[in-house]
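Here is a short note for a colleague opening this structure. Please read the points with the model in view.

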Amino acid sequence: MYRLIVRDETSLDEFRDQVRRLIAAKTAPRDVTWSIGTENDLFGEAPPPEATAPKFTVPSAYVDLARRVLCNRDPQRFALLYELMWRLLTEDRSLLSIFSDPLVYRLRQMEKSVGRDLHKMTAFVRFRKVEDDGDERYIAWFEPQHLILKPASAFFIKRFANMDWSILTPDGTLHWDRRELTTGPGVPKSQAPTEDVLEEWWRTYYRSTFNPARANPKMMKTEMPVRYWKNLPEAALIPQMLAQAEKRTGTMIAAPPTAPRRVAMPMMVIEPPAAEAGTLAALKREAQVCERCPLFCNATQTVFGEGSPDAPLVFVGEQPGDQEDLAGRPFVGPAGQMFDRAIAEAGIDRSLVYVTNAVKHFKFEPRGKRRIHKKPNINEIEHCRGWLDRELELIQPKLIVALGGTAARALTGKDIKITQMRGQTITQRSGATVLFTVHPSYLLRLPDAQSQRDEYRRFVHDLSLIPGRIPAVAKAA
Ligand code: URA
């Protein structure tokens, strides 16, 4: 019988080493116990390392599963993972694909729980600004359900690369200084800063996006589990807003429609290098850390516009899709391919134009492993509109093409019915002309091949008038 002491409980390397020794010593799972301990535990006993231990391979899916499951707080995880390894080697190498097997099922559930916690952490960490001797640092307190600090760090480094930040948790701490990540032991909540200006920002945002007519407390608790509320500034508003929802819904139904307010949000500003000031490159850099609305929480990155900085023609889409979100570039996914094909057929050279979106973060709803596109709402369009306005101010195009209703709303501030305005133009105060047409993903959603063909021809027709008006964007013959 072996009694194993695990010292670094999330370490795949340590677990792998112990498993190798156990397998080399032909130790059945019932002959080993696992416990979590420290350097001072004297009684842990493992099989000795074997110089001539037979080599064995395991499916890569096992390694991925183990990496996640080791972050689960369940103390049974080592024993369960070892039992799975033993059965993979002695019974059935395809065991991992048998989801009805109780052991596989339990480990998959543990893996899922860690994945959910990681997702919640990326959405619910709230930084507070702390100033010390002129230095600024953003500090967040978070209480994860599992031991996910290490795997979560990559997300925060990528998202907040240009900020100094710390994330404090009871299990450990992460500190980023724009170059290097350091870690430290866990701390009590009393070490975390309290209230700052960002708190009020989150509450303002939450108040402005809370729709009493759609309030669904059960759904809300699934999306934002109560466990996280105590560290979310906006959560303090929830009980009161739910209590008032019914009354507010009645008032909303009775009230005449109102135009949305433009809300000025405080924002973190990243100073551009002097040579870049006032350029699209500087604006793009600023937008990388945009937190004007919470869409940044779940998206991978800001997808800024790209193309010629003095293009006479700008295309404005709705928001990045799944592939654009991952690539960090607009119109590169399926709608982008449709767009490329159509503008090429209309005689326009993409390298001579500028392509951007009304909303710069991908809004989606997770469904299983997929991320399903969700239309941005008026608040999100309004919050992002500042970026689009500034892009257009710098580029000063002659013609702007609004691809679909969201772009039309961002460019005019009005609800435009594309079916009515398609092919028509208006002139902006800046002197630029705005041409309205459909969004390429509308064509992808049409149910039958014939209407797809017809609508595609109409789309190309809308665009084909452009090279005649702006020869500078025409494709070389
Ligand atoms: N749809 C858009 O509106 N923009 C993109 O970048 C991709 C799809």
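1. Contact means heavy atoms within 4.5 Å. On that basis, threonine 122 touches Phe155, Phe156 and Cys297, leaving out residues up to four places away in sequence. Threonine 122 sits in helix H4, which covers residues 102-124. Is threonine 122 buried or exposed? Threonine 122 counts as buried because its relative accessibility is 15%, and the cut-off for buried is under 20%.

2. Keep in mind that this is a predicted model. The protein chain has 477 residues, and buried residues make up 48% of them. Its secondary structure comes to 19 helices and 15 strands. The chain exposes about 24800 Å². Carbon and sulfur atoms supply 52% of that area.

3. Next, the salt bridges. The count comes to 29. One of them joins arginine 106 to aspartate 74, with the closest N and O atoms 3.3 Å apart. Arginine 106 lies in helix H4, and aspartate 74 lies in the loop between helix H2 (60-69) and helix H3 (77-90), so the pair ties together parts that are 32 residues apart in sequence. Arginine 106 is partly exposed, with a relative accessible area of 37%.

4. A second pair to look at is glutamate 306 and arginine 350. Their salt bridge has its closest N and O atoms 3.8 Å apart. The pair links distant parts of the chain, 44 residues apart. Glutamate 306 is in strand S8 (residues 306-307). Arginine 350 is in the loop between helix H13 (334-345) and strand S10 (354-357). Glutamate 306 is partly exposed, at a relative accessible area of 25%.

5. Glutamate 391 belongs to helix H14 (residues 378-395), while lysine 360 is in the loop between S10 and strand S11 (364-367). This pair, too, links distant parts of the chain, 31 residues apart. Are glutamate 391 and lysine 360 buried or exposed? Both are buried.

6. Glutamate 455 is in helix H18 (residues 449-464). Glutamate 455 counts as buried, at 11% relative accessibility. Beyond residues up to four places away in sequence, glutamate 455 touches Arg422, Tyr442, Leu443 and Leu446. The C-alpha atoms of glutamate 455 and leucine 443 are separated by 6.6 Å, and the two residues are 12 apart along the chain.

7. Aspartate 101 is the other. Aspartate 101 lies in the loop between H3 and H4. With 11% relative accessibility, aspartate 101 counts as buried. Which residues is aspartate 101 in contact with, leaving aside its neighbours within four places in sequence? Those contacts are with Arg87 and Leu95.

8. Check two backbone angles. Lysine 26 is not a glycine, yet has a positive phi of about 50°. Lysine 26 is placed in the loop between helix H1 (12-24) and strand S2 (32-36). Lysine 26 counts as exposed, at 67% relative accessibility. Arginine 178 also has a positive phi in a residue other than glycine, near 75°. Arginine 178 is found in the loop between strand S6 (172-176) and strand S7 (181-185). Arginine 178 counts as partly exposed, at 47% relative accessibility.

9. Last, the surface charge. Where do Lys112, Arg116, Arg227 and Lys369 gather? They form a patch of positive charge on the surface. Arginine 227 lies in helix H8 (residues 226-229). Arginine 227 is partly exposed, with a relative accessible area of 39%.

Note on methods:
Residues are numbered from 1 along each chain as its sequence is written. This is a predicted model: local features need pLDDT of at least 70, side-chain atom pairs count only at pLDDT 80 or more; totals for chains, interfaces and linings use all residues. Side-chain values use heavy atoms; hydrogens and water are left out. Patches are made of residues with over 30% relative accessible area and no salt bridge: like charges are joined within 9 Å, nonpolar side chains (Val, Leu, Ile, Met, Phe, Trp, Tyr) within 5 Å. Accessible areas come from the Shrake-Rupley method with a 1.4 Å probe; for residues, only the protein chains shown count as cover. A salt bridge is a side-chain nitrogen of Lys or Arg within 4 Å of a carboxyl oxygen of Asp or Glu. Lys and Arg count as positive and Asp and Glu as negative; His and the chain ends are not counted. The place of a charge is taken as NZ of Lys, CZ of Arg, CG of Asp or CD of Glu. Helices (H or I, at least four residues) and strands (E, at least two) are DSSP runs, numbered from the N terminus. Buried means under 20% relative accessible area, exposed over 50%, partly exposed in between (1.4 Å probe, protein chains only).
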